[in-house]
Amino acid sequence: MQNIFKKTLLAAATATLLAGTAHGGGHEEKVGVILGFTGPIESLTPAMADSAELAFAEVSNSGLLLDGKVIVPVRADSTCVDSAAATAAAERLVNSDNVVAIMGADCSGVTGAIAKNVGAPNGVAMVSPSATSPGLSSIDDNGVFFRTAPSDARQGVVLADIVMGRGIDTVAVTYTNNDYGKGLADAFATAYRSAGGTITIEAAHEDGKADYSAEVGALSASGASELVVLGYVDQGGRGIIQSSLDSGAFDRFILADGMIGDSLLDVDGGIEGTFGTLPGSESAGASMFNDVAAAAGLDGSAPYAAQSYDAGALIALAMQSAGSADRAGIVAHMSKVANAPGEIILPGELAKGLQILADGGEVNYEGATNVEFDANGDPAGSYKEQEVKGGAFTTIKVH
């Protein structure tokens, strides 16, 4: 898989270089791509970055962006969890690399820190494909922050409905001890209790520990036979699951987005029957994105790949709508290209959208995830109910 990613990036970089040569010098605009290339979701971010850069390459190779400009992505590491490091990385993107917009960040805590400390003061648009904390809806961001993944205020309700719908009325809950984990756990607990469910214990866990047997012991002692794990697929959440399987405390798990990824499938003991929620849809746009991604050697079904492509596409379309790569213009035109009225644009149709905008028309980018921003820059979004069947995550239903 890593070789495929590297080949795709090399091809995209070569295409961008050729496009820049064809259109002459001074036609490059840099866009930051800041994601947790190290840290608790590092297995998810290669597909996210590649998908955003796929949109940039599609736009650049069309020759239609601002009379032939090309987008050059500049990557930076958010770490997912270290706000100081993420802020410093974003500051380098904005002040040294002079990016005109940012695709990212990813995890909610670092995203909020970047939005408040870098994005807002510098007027730089940020479009996160995966930061889902409800608290981000009301941050003081000077209007620069948008996201293509819906808020966990809704995911908590959807997950609670799914759990109750399966006849599970008693659970234990563990969550990663940060903004993302707390926000999602609160949303789930409120909805689940309102529906008549019982939570025997709600316990935070810290990432980065070598041994989670004490945490699992407390969760098991609460008397619940089902465990909700709201954490990170490559960190504490995985540790909780492995320790549960090792001790026999739990053998099936209820997950949310940050825990769903193929790297979890290789835990010792297996997680057959485990289920949870992941932002996404199976709309016409989602199907078209899968085809576009496959043609580039990418897996369009990877977590947050579709949201990342949409984030990249929106940045490019906002540039075109604004008539320049001016930072303030991109911010001002983000909702204009994402929302009605306008001709609907889907994945693989970015050249069409660019031409319509160049001709003075309007577009309504729905993309792969049915994007439509509210006043806070949040999408309503939809969720895929996924279950591990035959050793793979399979979509059961879209909510």
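**Helix packing and cavities**

Analyst: Let's start with a crossing: α2 and α10 cross in a right-handed way (the near helix is turned clockwise from the far one by less than a right angle). Helices here are DSSP runs of H or I with at least four residues, numbered from the N terminus. This is a predicted model, where local features need pLDDT of at least 70, side-chain atom pairs count only at pLDDT 80 or more, and totals for chains, interfaces and linings use all residues. Residues are numbered from 1 along each chain as its sequence is written, and side-chain values use heavy atoms, with hydrogens and water left out.

User: Thanks! At what angle do α2 and α10 pack, and how far apart are their axes?
Analyst: Helix α2 (residues 45–62) packs on α10 at an angle of about 35°, with the axes 7 Å apart. Axes are lines fitted to C-alpha atoms, for helices over the stretch in contact, and angles run from 0 to 180 degrees between N-to-C directions.

User: Which residues of α2 and α10 meet?
Analyst: From α2 they include Ala47, Met48 and Phe56, and from α10 they include Ala305, Tyr309 and Ala316; contact means heavy atoms within 4.5 Å. By class, the contact of α2 with α10 has 11 nonpolar, three polar and one charged. Ala, Val, Leu, Ile, Met, Phe, Trp, Tyr, Cys and Pro count as nonpolar, Asp, Glu, Lys and Arg as charged, and the others, Gly among them, as polar.

User: And how do α10 and α12 pack?
Analyst: Helix α10 (residues 305–322) and helix α12 (residues 350–358) pack at about 20°, with their axes 9 Å apart. That makes α10 roughly parallel to α12, a label for angles under 35 degrees. Among the residues in the contact are Tyr309 and Leu317 of α10 and Leu350 and Leu354 of α12.

User: Switching topic: how many cavities of 30 Å³ or more are there?
Analyst: The count is two. On a 1 Å grid over the protein atoms alone, a cavity is a set of points where a 1.4 Å probe fits but cannot get out, and lining residues have an atom within 4 Å of a point.

User: What's the volume of the largest cavity?
Analyst: About 110 Å³, a volume being the space filled by probe spheres set on the points, which are joined across faces, edges and corners. Of its 13 lining residues, Ile41, Ser130, Tyr232, Gly258 and Tyr304 lie nearest the centre of the largest cavity.

User: And the second largest cavity, how much space lies there?
Analyst: About 40 Å³. Its lining has two nonpolar, seven polar and no charged residues.

Conventions. Helices (H or I, at least four residues) and strands (E, at least two) are DSSP runs, numbered from the N terminus. Angles under 35 degrees count as roughly parallel, over 145 as roughly antiparallel, 65 to 115 as roughly perpendicular and the rest as oblique. On a 1 Å grid over the protein atoms alone, a cavity is a set of points where a 1.4 Å probe fits but cannot get out, and a pocket is an open set with protein on both sides within 12 Å along at least five of seven lines; lining residues have an atom within 4 Å of a point.
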